[in-house]
Amino acid sequence: MLKPSTKGLFVELSEYSLLAARTSRLKPPFTIEAVEECTLTDDKQIDNWLGNFMGLNKGQFCIGVCGVYPPNRLIRRASLENPARAKDPAFLPDYLKQQFKVDVATHSVAVLNAAGGSEFNITKGFSRELVFCGAPTSEFQTLQDRLVSFGIYPERIELSTVSLLGGLVSYSELKERTAPTMVLEIASENAQVLIYQGNQLDVARPIPYGLNSMYPIVQKELGLKDEASARKLFTSNTFDFTEMGGVLLKKLLKELQASTGFYEVQTGQTIGEIFLSLLPDNLNWIGSTLSRTLGVDVLVPEYGDWLQSHSIEVSDSVDLLNLGSRWFGLFSLMGNFNENIEHNKKK
Amino acid sequence: MAAKHKNVSFPNWHPNFTIQATLPDVKVVRTGFLVNFVALTFPVLLIGLILVDWMDAQGLQQQIETRKQLLEGAIVENKKNVEKSKEFDIAAAKLNDVEGFLSGNLDELEVIVAIAESRPKAIALNNISYSEMQKKVGKKMVLAPRITLRGVLKGTSADEVSMLDEYKATLKNLPVFAGILDDVTLPEPTQDIDKDLSRFSITIDLKAADE
């Protein structure tokens with residue numbers, strides 16, 4: 001049964017933690033009343049935790065907007081040579097199969113215009129630069145079932161990577177940052193690199209290395225008995241890996257340098273900032289290592305005026321200054337990026 | 001692709017991947033069961049209606065069979081009645097003849113006695129019949145009585161046959177026919193030489209009642 005309440009719930013579920021925000025309503029304008037993080041040790045515990053956070057009785061659900069990171073998520077950019085061919089309903093499924101080996105029978109995929117992130121609609125006009133995003137339907141189903149088991153009735157389930165991109169685009173526009181920005185999303189098994197400039201996504205590329213590729217190096221460098229010990233140390237926040245950063249991120253850096261180099265040669269533009277999403281606070285050393293090695297600044301968001309530009313107020317009990325980059329994904333679920341940035345600035 | 005999801009259209013950078021079909025029923029009063037209820041009710045109602053129609057059809061079929069049997073019985077009965085009706089018509093015609101004869105201007109018995117008494121001894125009457133003949137009087141068709149005498153005369157000679165003419169004249173002058181006689185005709189008799197007899201027929205036409 002649904003809790004008869006007008007309060008809104010925004011949730012971002014990643015492999016590291018569950019971030020949640022309680023708001024006065026589900027759609028702006030509203031006030032963020034509270035934000036909390038819940039570790040993912042026990043799903044039953046999350047159910048109780050969410051019950052307390054939202055004031056739910058046993059068996060009650062609350063409506064929520066959720067961002068997720070399916071393990072095999074797909075974010076790809078494509079340039080159609082002949083956009084008119086997209087009028088054929090079979091064209092895009094065939095294109096996905098041929099270019100990205102994605103079968104639409106087993107995957108849920110959305111198609112966006114790379115500029116502005118609007119829905120690709122052949123009848124409404126579109127650009128030839130497209131973004132394909134999605135994941136295997138079974139993974140969305142698993143994540144949805146999990147959210148439901150927490151007591152959340154998901155009004156929306158979004159790919160956090162995509163909504164975060166929308167948030168960053170709107171943030172850069174508000175801050176009038178015109179240089180290209182690189183977004184790096186590092187998960188256990190893989191990483192995703194995105195480069196956007198203005199309101200357009202220019203690069204979306206998967207990298208087959210994630211945190212798991214660093215554990216053997218940690219084990220070797222520190223002389224640990226096995227990878228499990230290395231993993232425990234890596235995530236424990238009891239050891240400073242800044243000194244080892246260059247070695248640990250060597251493979252990743254090589255991929256990033258290839259991506260940025262290719263981009264800069266092609267466009268003549270230099271990457272201005274790098275934004276690291278998803279990573280827990282104890283891995284902040286990754287950002288500083290990348291910044292130092294690549295020679296670009298790390299984008300550290302200031303949420304206050306950006307949230308205000310989207311008609312979102314923040315309660316005094318919420319200290320935005322203590323919320324790092326990884327909260328940007330959660331806040332991005334709240335924004336309506338259809339609105340003109342000039343309109344938002346006037347607000 | 002995104003058609004698997006309810007919200008195909010989405011705001012910028014916010015594609016929705018919610019799988020609506022597998023979300024729980026969270027209404028205050030759960031109505032999911034109504035779908036099953038409705039899904040069950042319609043077939044049951046349909047089967048019920050078909051059953052009632054079938055039973056009605058069976059009832060009608062039985063009624064048709066019963067009516068057919070009744071009709072067959074009625075046809076036999078009707079045939080019998082038609083036959084009886086024909087017999088009645090024949091009898092009624094005879095009765096009408098008798099009634100016509102009896103209701104005429106004649107005193108039948110007196111006529112028969114007068115005819116018989118006026119008969120010469122050489123004449124034997126085999127048959128005296130009464131009938132009505134159509135006759136035109138002015139512009140009207142009327143029924144006039146006719147008495148026909150059939151008999152034999154002993155002898156075939158001219159003298160003997162002339163006796164018939166005499167009998168004809170006698171009949172014309174019978175008081176019983178006074179005022180009502182129209183004509184008496186005597187066709188040529190047929191002679192039976194071997195038996196020495198002359199067979200004759202005398203027709204006495206009387207006037208109609210309203211003539």
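**Entry 1: chain B, overall**

I began with chain B, where buried residues make up 14% of the 211 residues. The model is a predicted one, and I read every entry below with that in mind. I counted three helices and five strands in chain B. Going from the N terminus, I noted the order of its elements as α-α-β-β-α-β-β-β. I then looked at the contacts in chain B with a separation of 6 or more, and 58% of these join residues 24 or more positions apart.

**Entry 2: chain A, overall**

I turned to chain A, which has 347 residues, 40% of them counted as buried. I found twelve helices and 14 strands in this chain. For contacts in chain A with a separation of 6 or more, I noted that 66% are between residues 24 or more positions apart.

**Entry 3: where the chains meet**

How many residues of chain B are in contact with chain A? I found 20 residues of chain B in contact with 32 residues of chain A. I sorted the chain B side by class and got twelve nonpolar, seven polar and one charged residues.

**Entry 4: nonpolar cores**

I looked up the largest nonpolar core and found 94 residues in it. Phe10(A), Val131(A), Cys133(A) and Leu165(A) have the most contacts inside this core. Helix H4 of chain A, residues 160-174, gives the largest share, six residues. Apart from this core I noted another, of 14 residues, which includes Tyr130(B), Ile147(B), Tyr167(B) and Leu171(B).

I went back to Val131(A) and listed what it touches, leaving out residues up to four places away in sequence. The list holds Ile75(A), Arg77(A), Leu112(A), Ala114(A), Leu201(A) and Ala204(A).

**Entry 5: a three-stranded sheet in chain A**

I traced an open sheet of three strands in chain A, with the order S5-S7-S6 and antiparallel pairing. Which strands stand at the edges? They are S5 (74-79) and S6 (107-113) of chain A; each has a single partner strand, so one side of each has no neighbour in the sheet. I noted an average twist of 20° from one strand to the next.

Strand S7 of chain A covers residues 129-136, and six bridges join S5(A) to this antiparallel partner. In that pairing I found Arg76(A) opposite Phe132(A) of S7(A). I also checked what lies across the sheet strands S5, S6 and S7 of chain A, and found helix H2 (residues 91-100) of chain A. Helix H2 runs at about 105° to S5(A).

**Entry 6: backbone details**

I found a cis peptide bond between Pro28(A) and Pro29(A), with omega about 5°. Pro29(A) sits in the loop between strand S2 (17-23) and strand S3 (30-39) of chain A.

I noted a positive phi, near 55°, for Glu176(A), a residue other than glycine. Glu176(A) is in the loop between H4 and strand S9 (181-186) of chain A. Is Glu176(A) buried or exposed? Glu176(A) counts as exposed because it has 8 C-beta neighbours inside 10 Å.

Asp196(B) has 13 C-beta neighbours inside 10 Å, so I put it down as partly exposed.

How values were computed. Residues are numbered from 1 along each chain as its sequence is written. Chains are lettered from A and ligands numbered from 1 in the order in which they are written. This is a predicted model: local features need pLDDT of at least 70, side-chain atom pairs count only at pLDDT 80 or more; totals for chains, interfaces and linings use all residues. A nonpolar core is a set of buried Ala, Val, Leu, Ile, Met, Phe, Trp, Tyr and Cys residues joined through C-beta atoms within 7 Å. A residue is buried if 20 or more other C-beta atoms lie within 10 Å of its own, exposed if 12 or fewer, and partly exposed in between; C-beta atoms are placed from the backbone. Helices (H or I, at least four residues) and strands (E, at least two) are DSSP runs, numbered from the N terminus. Two residues are in contact if their C-beta atoms, placed from the backbone, lie within 7 Å. Ala, Val, Leu, Ile, Met, Phe, Trp, Tyr, Cys and Pro count as nonpolar, Asp, Glu, Lys and Arg as charged, and the others, Gly among them, as polar. Two strands pair if DSSP finds at least two bridges between them. Axes are lines fitted to C-alpha atoms, for helices over the stretch in contact, and angles run from 0 to 180 degrees between N-to-C directions.
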